[in-house]
Structures are given as C-alpha cells and as structure tokens.
Amino acid sequence: MSLSPESVRKQSVGIIGAGAAGLITAHILRQDGFERVQLLTRDKSAGGVWARQRIYPGVAINNVRGEFCFSSLPMPPPQGSTNGRLTGEDMSAYMEMFADTFLSGKIRFETEILDIRRGGDSGWEVEVQDLRANKKEVLSYDRIVLCTGGCSEPLIPESLSAETAKRAGYGGLVIHSSEIAGHINRILDDHRVDPNYTVVVVGGGKSAMDISGYLALQGIKVSVVFEKTDAFLAYPLQLPEFIRKSRFLAVMAAHSELRTRLERFLHTTWLGAKITHAFWDFLSWSSYKTLNIPKDSPLRNSHSIFWGIRTNDEGVGKKDSFYALVNEGKIKLVAPTRAEQYVENGVLLGNGTELRANAVILATGFGSSWTGIFTEKTTEELGLGRHPPLTNGEEHVWNYASLCDPPSSHPQNRQWASSIYRGIVPAKNINRRDFAINGAVFTVNNGYGFEVMAHWISSYFLGDKMSLPSTPEEALKFAEWNAAWMRRRYPDMLLWVNESYSSSLPFWTWPQAMDELLDDMGVPSMRSGGNWLTWPFKIISPSEIKDLGEERRAKREAELNIDRQWAN
C-alpha cells in the first residue's frame, strides 16, 4: 500500500553529495514539505566540484552569468575581467551562499561515504566515516538521492600513477588535476628557486587548458601532451542572448524525438541536413579563425562540435587565454601523442621522445563516483552498473538525414551504458520510489537541468501521478532505447564519460530533455513561449520554473479533489 504524501514528507531523505545537484535537490524537497532532509559530503564546504578547497586560480566555466544559477537565487555579477564568464571563485561563493540561505544546518560536512545498502525490508543504511572524529557509523534513511556527480574521483592510468613514477626513479611532483589547488603554492615556490622549472600537463581537456594557462602566466615553462583535444566555440563578437540562451542551438542539434516541424525539417530531410551541417561546420571554421588557430596546429585535431560532447565555450577569447598563450609560444603543445611512462627526468612519450619535467599534472579525467560506495551486490540489485547493449540495436532506428555519415567509432558492443530511466531512476527500481539520482545527465545547462530534475524527483517520491513506465521491464526498454540513441548520436562518447554522469547525454538538446521531464510531471513545457516564427529564439531563463513547485501542488490538489468526488 502506497503512503500518503503527508506520510512521505515525514520520512527521512539522505542526499549523497553537496554539489549543485545535491543543493537544489535538498532545497526543492524542503520546499515540498520534506521535514527530514540531510546532505552528506566529505568536503569542508558546499559546492562539490566547486567547493572552495577544490578551486584554483585560473579556473572558469563555460557558462556566462545568468546561465548557471537556480531560480530562487540570482547569480551575482562575475568578479574581475572575465568576458562575462563565471570563475571558480564565483561558483564557489554562489554555492556557499545558496547553502547558507536555504540549507543551514542541513549539511553534514567531512563525512566520507563508505557504503550504501538496503536496510532490510525497507529504507537505506549509509555507512560513513566521520573525518573529524575519525570514527565510523551507520546512518539510516527512508529514501536516497545520489548526487555525487562525475568529477570527484580522479582517473589515473596505472602507468602514470605517483607510485609508478617512484618505481621508475622519477622524483618530481605527480598529481591529478583535481589536486592542483593543494599544490599550486609549492609549484610557484619551486619555480622561484629554479627559473627553468618545467611542468608537463597530460590531457587535452578544459582542466589541462585552465591549469597550463595559469602556470604559463606565472612564467612557468609548460608542455601539454595529448592525442586529441576538446573542440571549442569562439566568436568575433559575443553571441546575442537570443542565440546563446534560447532553443536555437538545441534545435540545430538532433534530439531523440523531433517534436516540432522545424526539427523534423532540419534532421529528416536532405536540405535540412545540409543546412544543419553547414551551420555546425561554419561554427567550427569561425571558431578557429577567431582565435587564429593555424591550419597545422595540433589544436585542430579536436573532437567534433556536432558529433561530440567535448566542447568548450571561449566566447570572444581573451589575450591571456590558453589559445592566445599557445599562439605566443608560452605553452608548448606536444601532440598528437601520449605519455607512456616515467623516466628519471620526466616522461617518455608514445613517439619515443623524452620530455623533461619537474612536475607532471595528470588531467586524465575522472572515474565513476559510484564505484566505491556500492558493493557489487547493491549495484546489481539497483541496476546501476554499465553493461553492453542488451539487443543488437536493429530495433532502434533513427532515420535522420542529419545523422548520416557519422565519424568512425568503436563497435557498439564496446560502448556500454547503464539502465537508468530518464537518467534519474534505475529501471529495476522504478516502482519502489525510494532511490533517485540527480547530476548524471550531461548537458550544457546544469543549473536549469538540476532544478527541473529535482522537481521530478520530489514528485516521484511523493507518489504524484506522473507519466512513468508501469513496470521495471518497460523502464528497462526505454533505458535501452536511450542507450542506443546515445551510441547513434554521439559515437564513442560513452567510452569517455563515466556512468555517474552519462546516464543520458542531451548535451546541446537539454531544452528538449527538460520538456520531457515537465511533460512527465503533467505541467506545461516549452515555457519560453513564442509564436511559430520566434519560439526558437526566445530566451530560456531559470525564472520560468520559479513557480514549478506551486504548479505541481495545484495539480496534486486538483487530482485529489477529483478522486474524492469519484469516491463519493
């Protein structure tokens, strides 16, 4: 027998993680009347990847002001000259302000999660290590929301680990990019002593660029080693909001369902596909031109803007940006190749050359944040783990003209995915309504996305009438359909992202994905409005979901009244 919403609100909810997804989930649950909400984090402050102890000088995000924030708290203007970009300091301050404003006393800091498991017939047990008191204890919750994200557990190849470096006789500093904040002063101090101090950064992603850019500005010699680098967007002039903050880019990308005539024209007709690819090709060409990237530069060996999800937004560019520093010769690119192993004075590259290094920074990505907190048994029971395709994929067909001629990729049976419905609920657990995930859907607008998903989770916990699969088998079928779409739309990207933030990949098409969640809740979607001509250019703002909780409550009460009338 299902519980009433009043009974559910009295149950305890444990939120694992106090990053952006965890903070907004806790806030929405509390707004919806959940009385016993607690967030757990091993960090000393709120923010997750933007926690104060994790940020470092030079780090910035792709979003401009107004894109990453929650509807209940506007983002203050960026500090300093950043071309409107938000810095790590901006993000950290915002997360702390949000936590202080809405979640005071609800976050348990310095609490390491050791194991999450079912507590008998119902509820959950969370085994934790209190890092301050250095003791273990078991906490009990009725429901769990997993908000650990995908950028908290460093992924370091064994051949490049600090232990391997020691065995090879290399005595320099070896750290992962996530540890740079705690070592930056040492690097700067060592450079003051030795003007020839050299740093090798391994990786071609944004962290590698941010770190190498900052070090180069301090006068340190930096070499960046990578096989393939991230794509980027850059423009001679800042994009107007009706392009940048609207549905325009989402419409030009292909979503798994094409709901509008314009999308169907762009992605299912020959002419539409030509227009679509001409647009993305122009963006790529103009980006290289804007930042003066030479035709023979390794930076052109990048992922596709259209076919990939590894794209950074450089805006109009800056004189002290990574790309500008490369052009000035202040950052050396060693590519395409890979760092294979350590030697006494540095690293040996795949092309056979040795690269001298006083310090090696591994911007080699992140592993799943779920691996260490669930046993294999719990992972199997919930259905959290990745697996190869359960079907041959022939039943999942998207005859999109815009998806013809994809880049070469690995066989689909190597591109594993997890079976998580909507990227929020493990398909096996769909009917229990006691476990959910926020932060595992990979988009370019996390603020809006996390908030809508938090509302979806709250409705799901409260037992609201939603458009959901009626059985785990139906949920699993949908999850497999979505996995097949990810393999079709973004070839090989599932090999790059880990499962804790790749349950779904509506990278450019986040507006369509959020519309689907709003439809699930039975509330209006496509909230930015507009007529047949203007709707792709209407600005999407967090303010349009500010009253979503009230809308859901009104819908719930109306449905209860109808049920009472039928009962009488």
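So, the crossing of H13 and H15 is left-handed, where left-handed means the near helix is turned anticlockwise from the far one by less than a right angle, and right-handed means clockwise. Helices here are DSSP runs of H or I with at least four residues, strands are runs of E with at least two, and both are numbered from the N terminus.

Before I go on, a quick word about what we're looking at. This is a predicted model, so to speak of a local feature we need pLDDT of at least 70, and side-chain atom pairs count only at pLDDT 80 or more, while totals for chains, interfaces and linings use all residues. Residues are numbered from 1 along each chain as its sequence is written, and side-chain values use heavy atoms, with hydrogens and water left out.

Okay, back to the helices. Two packed helices are described by the angle between their axes and the distance between the axes. For H13, residues 446–462, and H15, residues 510–521, the axes come within 10 Å and cross at roughly 20 degrees. An axis is a line fitted to C-alpha atoms, for helices over the stretch in contact, and angles run from 0 to 180 degrees between N-to-C directions. H13 and H15 are therefore roughly parallel to each other; the cut-offs are under 35 degrees for roughly parallel, over 145 for roughly antiparallel, 65 to 115 for roughly perpendicular, and oblique for the rest. Who makes the contact, meaning heavy atoms within 4.5 Å? From H13 you get Tyr448, Gly449, Val452, Met453, His455, Trp456 and Ser459, and from H15 there are Trp510, Met514, Leu517, Leu518, Asp520 and Met521. Sort those residues and you have nine nonpolar, three polar and one charged. Nonpolar here covers Ala, Val, Leu, Ile, Met, Phe, Trp, Tyr, Cys and Pro; charged is Asp, Glu, Lys and Arg; and the others, Gly among them, are polar.

H13 also meets helix H2, residues 20–31: their axes come within 9 Å and cross at roughly 45 degrees. H2 and H13 are therefore oblique to each other, and the crossing is right-handed. On the H2 side we have Ala20, Ala21, Ile24, Thr25, Ile28 and Leu29, meeting Phe450, Glu451, Ala454, His455, Ser458 and Phe461 of H13. That contact divides into eight nonpolar residues, three polar and one charged.

Now, sheets. Strands of a sheet pair through backbone hydrogen bonds, either parallel or antiparallel. In this model, five strands form an open sheet with parallel pairing, in the order S11-S20-S12-S13-S16; two strands pair if DSSP finds at least two bridges between them. Which strands stand at the edges? S11 and S16 (331–334) do, each with a single partner strand, so one side of each is left without a neighbour in the sheet. Ignoring direction, neighbouring strands are turned by 20 degrees against each other on average. Helix H6, residues 206–217, packs on this sheet and touches S12 (198–202), S13, S16 and S20 (359–362), and its direction makes about 165 degrees with that of S13.

Let's walk through some pairs. S12 and S13 are parallel over five bridges, with Thr198 opposite Lys221 in S13. S13, residues 221–225, then pairs with S16 over four bridges, again parallel, and Ser223 has Lys332 as its bridge partner in S16. Four of the five residues of S13 are buried, so S13 is largely enclosed by the rest of the structure. Buried means under 20% relative accessible area, exposed means over 50%, and partly exposed is in between, with a 1.4 Å probe and protein chains only.

Over at S11, four bridges join this strand to S20 in parallel, and His176 stands opposite Leu362 in S20. Is S11 covered on both faces or on one? On both: Leu173 and Ile175 on one side and Val174 and His176 on the other are all buried. Take Val174, which counts as buried at 16% relative accessibility. Val174 and Leu362 are 188 residues apart in sequence, but 7.5 Å apart in space, C-alpha to C-alpha.

One more sheet to finish: three strands, antiparallel, in the order S17-S18-S19. The edges are S17 (339–343) and S19 (354–356), each pairing on one side only. Four bridges join S17 to S18, residues 346–349, and Ala339 stands opposite Leu349 in S18.

Notes: Contact means heavy atoms within 4.5 Å.
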